[in-house]
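Good morning, and thank you for making time on the agenda.

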Amino acid sequence: IRCWSNIPFITMPLSRAHGKSFAHRSELKHAKRIVVKLGSAVVTRGDECGLALGRLASIVEQVSMLQNQGREMMIVTSGAVAFGKQRLRHEILLSQSVRQALHSGQSQLKDMAIPVLEARACAAAGQSGLMALYEAMFTQYSICAAQILVTNLDFHDEQKRRNLNGTLHELLRMNIVPIINTNDAVVPPPEPNSDLQGVNVISVKDNDSLAARLAVEMKTDLLIVLSDVEGLFDSPPGSDDAKLIDIFYPGDQQSVTFGTKSRVGMGGMEAKVKAALWALQGGTSVVIANGTHPKISGHVITDIVEGKKVGTFFSEVKPAGPTVEQQAEMARAGGRTLAALQPEQRAEIIYRLADLLTDQREEILLANKKDLEEAENKGRLALPLLKRLSLSTSKLNSLAIGLRQIAASSQDSVGRVIRRTRIAKDLDLEQVTVPIGVLLVIFESRPDCLPQVSALAIASGNGLLLKGGKEAAHSNQILHHLTQEALSIHGVRDAVQLVNTREEVEDLCRLDKLIDLIIPRGSSQLVRNIQKAAKGIPVMGHSEGICHVYVDTDASVEKVTRIIRDSKCEYPAACNALETLLIHRDLLRTPLFDQIIDMLRVEQVKIHAGPKFASYLTFSPSEVKSLRTEYGDLECCIEVVDSVQEAVEHIHKYGSSHTDVIITENEKTAEFFLQHVDSACVFWNASTRFSDGYRFGLGAEVGISTSRIHARGPVGIEGLLTTKWLLRGNNHVVSDFSENGSMKYLHESLPLPQRSAN
């Protein structure tokens with residue numbers, strides 16, 4: 001025991017053996033014992049008089065949910081002073097109003113001054129009410145709460161420390177939530193923060209240090225400190241360059257400028273960091289986050305425990321590589337340099353990558369073999385996903401061909417003038433193509449996606465963040481290495497980044513200040529999850545590929561079975577595979593219908609009957625559960641329609657606006673179908689499988705979009721570009737074009753510059 005200012009404190013608690021804190025956010029879900037510290041700014045209202053009841057109820061709900069999951073929750077709370085201030089103000093006003101009314105005999109009262117209320121008196125008046133409120137709230141979730149008031153003296157008296165420790169353990173054993181607070185009714189005035197210069201000592205003089213001390217004493221897994229700021233910033237919050245620090249490491253405090261303390265309470269951010277580092281040293285993980293923001297306060301505690309990127313996480317383990325935020329910034333800077341290159345230089349990079357895919361074929365296939373073996377041994381991938389994971393010599397050759405197509409077609413993609421207008425004399429306006437910015441592409445199982453998307457990003461001058469599935473880790477690693485090798489020939493290695501950290505997809509989708517477009521490549525569930533998680537970032541893609549083939553009465557017998565077989569059986573796991581077969585009613589019980597059924601049986605396609613089709617059959621296949629089903633396997637639905645109009649209506653009602661086909665020899669019927677079906681791709685007498693960037697001559701695609709804004713269908717280079725306006729003038733001002741001005745608008749269309757021939 002050491003002493004400072006006559007107040008003893010202990011360098012490390014005697015009963016706490018050195019533990020090991022969690023190294024990564026993703027491990028926080030394993031936290032069993034958790035302390036939640038509620039700062040004064042969280043618990044109190046904006047006027048600092050009374051409690052923020054809605055916010056407090058939300059916190060109690062989250063703590064109760066975690067408690068009922070089997071965790072051991074403890075709360076260190078402020079609020080007694082604010083609650084007591086509200087009560088005492090009310091009593092004083094009531095007392096004054098009664099005295100004034102008796103004295104004056106008038107019902108109208110004059111303005112009454114309220115004396116300054118002493119904090120310890122407020123605490124004494126507010127403690128019981130605060131605890132009664134907590135008890136009432138926790139009772140709604142069938143949870144019992146218990147109050148414990150402590151002072152600094154309770155921690156340096158060994159017997160009192162043992163008693164406190166034993167009481168807390170017994171309460172936790174009985175599934176009771178301890179609610180702990182400093183006994184502000186008897187606590188001495190706050191001491192200066194002299195002990196904040198080091199991390200080896202801590203005294204209990206505010207609820208930050210109390211929470212840290214309790215967390216370590218009780219061998220807690222996680223300490224959550226809630227305040228009125230999002231976390232720790234590299235400069236004072238609110239300043240232009242302030243950035244939230246996602247992960248804070250011991251030793252980083254020299255690079256941080258501390259601002260003032262919160263609007264209420266005794267602890268500032270410096271006190272919180274000191275307490276957090278002390279708890280971390282004692283083996284407890286710490287997160288500092290905002291508990292007052294209306295959009296996140298309702299789930300901030302549960303989000304932290306689930307490992308989501310909320311607030312600042314304190315960790316003793318520094319990652320070997322850059323953070324994902326740093327990678328995004330590197331991708332943006334690299335993308336801007338990439339966009340500034342000559343078109344021939346960007347093409348050279350893609351040609352080089354195509355050569356590397358064939359030159360390094362053996363190394364690529366060896367890495368892919370490791371992924372396949374690990375996936376098969378763990379048995380975690382379905383057969384369709386295993387097929388997507390697999391690379392082969394023919395796949396690599398096809399990739400190389402596609403990349404060379406991209407290189408050849410990219411010569412004038414960036415900076416191409418698409419409109420020229422003479423606004424007035426010597427005032428010319430141009431609209432030119434420019435990159436979107438930083439793309440985040442999230443893909444499952446398909447390592448061939450990495451060089452395809454990289455080539456398209458390079459051709460369009462975009463920075464790129466890639467997040468692949470862990471099942472393809474070895475393949476993605478070598479393919480990314482080869483991509484960066486190709487980029488290095490013109491010094492833009494950082495333009496394409498592979499995210500290898502434990503970053504959750506949902507956290508990546510929140511980086512709206514760093515990422516301009518998200519492109520998911522994978523299952524419909526993945527796409528839906530990303531669309532749901534994206535916060536302020538547009539998502540390009542489709543959630544489902546429910547593709548239809550309609551067989552008309554005038555269909556050719558020779559074409560029907562070939563197109564249906566190719567659409568369904570060539571690659572059933574693809575998003576452009578046939579899922580619902582629509583057959584005109586007049587074709588039932590005809591030789592053509594029999595041929596279709598026989599072909600599907602030979603190909604071992606499981607048939608599900610639509611409601612109308614089932615009504616025509618005595619013994620029908622299993623009736624479909626939903627007409628909006630993407631099977632992704634050798635299964636399909638067959639349904640009957642009475643006309644091409646009904647086929648179109650069915651597609652609009654149950655389709656996903658992906659790819660739909662008509663098979664007919666009647667040109668008028670075909671044109672009706674082509675013009676009226678509102679999907680990204682609509683075909684006549686061709687397989688649904690043609691809906692592909694490579695087959696469209698785009699070289700490759702980043703995905704197929706069913707969106708109605710920007711790109712639609714297979715998305716190649718053009719879909720990764722946007723535009724900007726360039727205005728070249730000569731001392732022009734708008735006032736010259738007023739009614740009495742000297743200039744007139746011309747708005748003349750000018751010829752576009754000649755495009756270079758590929």
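**Charged and aromatic side chains**

Let me begin with Phe-673, which is buried at a relative accessible area of 0%; here buried means under 20% relative accessible area, exposed over 50%, and partly exposed in between, with a 1.4 Å probe and protein chains only. Please keep in mind that this is a predicted model: local features need pLDDT of at least 70, side-chain atom pairs count only at pLDDT 80 or more, and totals for chains, interfaces and linings use all residues. Residues are numbered from 1 along each chain as its sequence is written, and side-chain values use heavy atoms, with hydrogens and water left out.

The structure holds six aromatic pairs, a pair being two rings of Phe, Tyr or Trp (its six-membered ring) whose centres lie within 6.5 Å. One of them joins Tyr-550 and Phe-673, stacked at 6.4 Å centre to centre with 20° between the planes; planes under 30 degrees apart count as stacked, over 60 as edge-to-face, and the rest as tilted. Tyr-550 lies in strand β17 and Phe-673 in helix α23 (residues 667-676), so the pair ties together parts that are 123 residues apart in sequence. Helices (H or I, at least four residues) and strands (E, at least two) are DSSP runs, numbered from the N terminus. Tyr-550 is likewise buried, with a relative accessible area of 0%.

I turn now to charge pairing. How many salt bridges are there? The count comes to 35, where a salt bridge is a side-chain nitrogen of Lys or Arg within 4 Å of a carboxyl oxygen of Asp or Glu.

Arg-161 and Glu-158 form one of these, at 3.0 Å from N to O. They sit three residues apart in helix α6 (residues 158-173), and are therefore separated by about one helical turn. Arg-161 is buried at 6% relative accessibility, whereas Glu-158 is partly exposed at 30%. Bridges with shared partners join Glu-158, Arg-161, Arg-162, Arg-213 and Glu-217 into one network.

Another salt bridge connects Glu-485 with Arg-352, at 3.5 Å from N to O. This pair links distant parts of the chain, with Glu-485 in helix α16 (residues 473-487) and Arg-352 in helix α11 (residues 343-359), 133 residues apart.

Finally, what is the nearest side chain of opposite charge to Arg-388? It is Glu-444, 5.6 Å away, and Arg-388 is buried yet has no salt bridge; in this tally Lys and Arg count as positive and Asp and Glu as negative, while His and the chain ends are not counted. Arg-388 belongs to helix α13 (residues 383-389). A polar atom of the Arg-388 side chain lies 2.3 Å from the backbone oxygen of Ala-573.

Note on methods:
Polar contact = N/O pair within 3.5 Å; in protein donor to acceptor, adjacent residues only side chain to side chain.
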